[in-house]
Structure formats: C-alpha cells, structure tokens
Amino acid sequence: KAAVAGLTRDLDFLRLAGRIERPHEALCVDIGVGAGWSSYMLSKLFREVRGYEINDNWPETWRAFEAVRGNLRLSLFDGFNLPHEASSVECCMAQAVLEHVGGNHCRDDAIRVRWLKEIHRVLKPGGVLVVTTCPNKWSYAEILWRTHWIRFARRNLLRIFSDAGFVVEKTCYTHMFPDFWPPAQRAWNKAYLHGLGALDRLLLLLPTKFVAHHHTIVARKPAG
C-alpha cells in the first residue's frame, strides 16, 4: 500500500509545491499525518515540515522519520487547535482527513468549517491549503461498498471552503480505482504499478472522472 500511495501522493505534493513560489524556503503544516509518510515526503520539498495527528499509534515510526529528515517534526494535537501563530505558515496539507473531522459519522459541516477556519488562521495571506483524498459522493466504489460514511459532492466542498474564508483555485477528481484492496494487497499493488495506474490516469481525463473515488481541493487564503 505504501508504494502505491507514495506514487499518487507525489502528484498532490507537486501540485502543492507548484502553488508556492519558493517551497525550499517555506514552512508546511501537514494535518492528520497517521504514520508520518506524507510528512516525510513533504520534508523533501519544503524548508520545514510540522506534522500533527490525534492518535499516538506510531511513536517509533515518527522518531525514525525525524531521524532521517532533520527538518521534520511530528506531534500530537487535539484535532482543532494548531500550535502556530496567526499568519505564520506558507502552506498546509491534509490528506484523508476532512471526512473524519468531528468523527467518522459527523454530518455537521459547521464543524468542518470551524476546522478549516483554524487552518485559515495560521496561514499567511496568500497561503495555500491542499486537501486530498476526500471521498466523492458519487464514487461508484462508495456506492457499491461504502467504505466512508461521509462523502462530498463538489459543490458541497466549494461551499464549505468558501464559508471558512478560502478561495478555491482548483478541484479535481482522483483515483478511479481505490489505491488499496486488503484481500489481495500485494497483487493489487503490482497491478497498479504495471498498468492499472496508467489506466486510472486515462479514465480521469474522460467523463468517467465524475464517479472517481476522491476529490482534491487546492485553496488559498486571500492576500488582501
């Protein structure tokens, strides 16, 4: 899973880095880091990375990543309050997080707006937020197997980000095929690396994208 996820995440990181004038001089905050893989990858692009997570399940993995990357720090937080001054961060990243804000079954978008407003607070004017791997309401995979209770239509995401004060610069669909399949993960990874990934990208160029598994949103805090 990590190998496949790494390939797809690289695209998101490059998309984020492209929105920052000098990423090698920028501080990036990664929210909901899990085991820390995303923060580790971001640390190769940015001057400094601070990653935050609400679960303390990976202390040894975190310390191992920090030992390899001197510009990386991974910490626990309460899920809503980031330990940064207002307007002090150039960019933020959140992968597979938005649908879990407030709890896996929380349907109250006001809580998600509150969460986004905290990110808006710490971003500098003109700062960038990239939110990836948000379950698509119309995903064929979700309709068939329902792996997430909370899913988003594109217009719903646009409203949530607007209510939090962001200007959405880009949205796109990702993952025609879910990037994991526990019953046969090793075979699934091999298929992704040897053709399935290319087919995935092709289908995302066609109308089939509307039933893809995820959304990615690139938003900016207004400079004015």
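## Buried, exposed and in between

Buried means under 20% relative accessible area, exposed means over 50%, and partly exposed covers the values in between. Keep these cut-offs in mind for the structure above, which is a predicted model.

Take Arg159 as a test case. Its relative accessible area is 38%. That value lies between the two cut-offs, so Arg159 is partly exposed. Now try Asp109. Its relative accessible area is 17%, so Asp109 is buried.

## The largest nonpolar core

How many residues make up the largest nonpolar core? It has 31. Some have the most contacts inside this core: Trp115, Leu116, Ile119, Leu129, Phe161 and Phe166. Several elements each supply at least two core residues. The strands are E1 (27-31), E4 (89-95), E5 (123-135) and E7 (214-220). The helices are H4 (109-122) and H6 (154-163). Helix H4 gives the most, with five residues.

## A second core

There is also a second, separate core, with 18 residues. Among its members are Tyr40, Met41, Val49 and Cys91.

Leu42 has its place in helix H2, which covers residues 37-42. Is Leu42 buried or exposed? Leu42 is buried, with a relative accessible area of 0%. Leu42 and Val29 are 13 residues apart in sequence. In space, their C-alpha atoms are 9.4 Å apart.

## Salt bridges

Side chains of opposite charge can pair when their charged atoms come close. The structure holds ten salt bridges. One of them joins the side chains of Asp109 and Arg159, at 2.8 Å from N to O. Asp109 belongs to helix H4 and Arg159 to helix H6, so this pair ties together parts that are 50 residues apart in sequence.

Arg159 also forms a salt bridge with Asp163. Here the closest N and O atoms are 3.6 Å apart. Arg159 and Asp163 are four residues apart in helix H6, so about one helical turn separates them. Asp163 is partly exposed, at 43% relative accessibility. These contacts belong to a network of salt bridges that links Asp109, Arg112, Arg159 and Asp163.

Another salt bridge joins Arg220 and Glu169, with the closest N and O atoms 2.6 Å apart. Arg220 lies in strand E7, while Glu169 lies in strand E6 (residues 167-174). The pair therefore ties together parts that are 51 residues apart in sequence. Arg220 is partly exposed, at 22%. Glu169 is partly exposed too, at 35%.

E7 pairs with two strands described here. E5 and E7 are antiparallel, with six bridges. Within this pairing, Val128 has Arg220 of E7 as its bridge partner. E6 and E7 also run antiparallel, and seven bridges join them. Tyr173 stands opposite His215 in E7.

## Aromatic rings

A pair of aromatic rings is described by the distance of the centres and the angle of the planes. The structure holds five aromatic pairs. One of them is formed by Tyr52 and Phe77. Their centres are 5.8 Å apart, with 50° between the planes, and the pair is tilted. The pair links distant parts of the chain, 25 residues apart. Tyr52 is in strand E2 (residues 48-53). Phe77 is in the loop between strand E3 (72-76) and E4. Tyr52 is buried, at 5% relative accessibility. Phe77 is buried as well, at 13%.

Trp37, Tyr40 and Phe65 form one aromatic cluster. Tyr40 is also one of the residues of the second core. Elsewhere, a charge meets a ring. The charged end of Arg114 sits over the ring of Phe80, 4.1 Å from the ring centre.

Definitions and conventions:
Residues numbered from 1 in each chain as written. Predicted model: local features only at pLDDT ≥ 70, side-chain atom pairs only at ≥ 80, totals over all residues. Heavy atoms only, no water. Core = buried A, V, L, I, M, F, W, Y, C linked by side-chain atoms within 4.5 Å. Buried < 20%, exposed > 50% of the residue type's maximum accessible area, 1.4 Å probe, protein only. Salt bridge = Lys/Arg side-chain N within 4 Å of Asp/Glu carboxyl O. Phe/Tyr/Trp six-rings, centres within 6.5 Å; stacked < 30°, edge-to-face > 60°. Lys NZ or Arg CZ within 6 Å of the ring centre and 35° of its normal. Pairing = 2+ DSSP bridges.
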